[in-house]
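This briefing sets out selected features of the protein shown below.

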Amino acid sequence: MADTREIYDEFPYPRCRMDLRDRRQLEELSRFRILSTGLGPADFAGRSVLDLACGSGEFTASIASWGTARALGIDQSERAISFARELPGRFGIDGLEFCT
């Protein structure tokens, strides 16, 4: 039986959306999830964010695009993190890091 790391390495979650074309789409990606908590982009501006079990990093990147000072995503899946590490350069987001 496969352990969870092997499963997520084979099927990174959430599936990295390579069809995202611009930063606006990235920012909108998780807006509904955050707004339902009563928080908004201004609540994250200039702050540090830690996302545990970040998967392929889209949620972390979308929060970072709102102007965080630093955002760090951590996940057990090397494959998911390899997708996530492409996001800062792809969307021009400073202070965004990913690691296992």
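Beyond its neighbours within four places in sequence, Ser62 is in contact with Leu26, Glu27 and Ser30. The model is a predicted one. The points below begin with Ser62 and widen to the chain as a whole.

- Ser62 lies in helix 4, which spans residues 58-64.
- The relative accessible area of Ser62 is 0%, and Ser62 is therefore buried, the limit being under 20%.
- Between Ser62 and Leu29 the C-alpha to C-alpha distance is 6.7 Å, although 33 residues separate the two in sequence.

**Strands 2 and 3**

- Strand 2 and strand 3 run parallel and are joined by four bridges.
- Ala71 has Leu96, in strand 3, as its bridge partner.
- Strand 3 presents two faces: Leu96 and Phe98 make up the covered face, whereas Glu97 and Cys99 make up the uncovered one.
- In a regular strand, side chains alternate between the two faces of the sheet.

**The salt bridge**

- One salt bridge is counted in the model.
- The side chains of Arg70 and Glu97 form this salt bridge, with an N to O distance of 3.0 Å.
- The pair links distant parts of the chain, as Arg70 belongs to strand 2 (residues 70-74) and Glu97 to strand 3 (residues 96-99), 27 residues apart.
- Arg70 has a relative accessible area of 37% and is partly exposed.
- Glu97, at 38% relative accessibility, likewise counts as partly exposed.

**The chain as a whole**

- The secondary structure comprises six helices and three strands.
- Read from the N terminus, these elements follow the order α-α-α-β-α-β-α-α-β.
- The protein has 100 residues, of which 38% count as buried.
- Of the contacts between residues at least 6 apart in sequence, 63% join residues at least 24 apart.

Terms used: Residues numbered from 1 in each chain as written. Predicted model: local features only at pLDDT ≥ 70, side-chain atom pairs only at ≥ 80, totals over all residues. Heavy atoms only, no water. Buried < 20%, exposed > 50% of the residue type's maximum accessible area, 1.4 Å probe, protein only. Contact = heavy atoms within 4.5 Å. Salt bridge = Lys/Arg side-chain N within 4 Å of Asp/Glu carboxyl O. Pairing = 2+ DSSP bridges.
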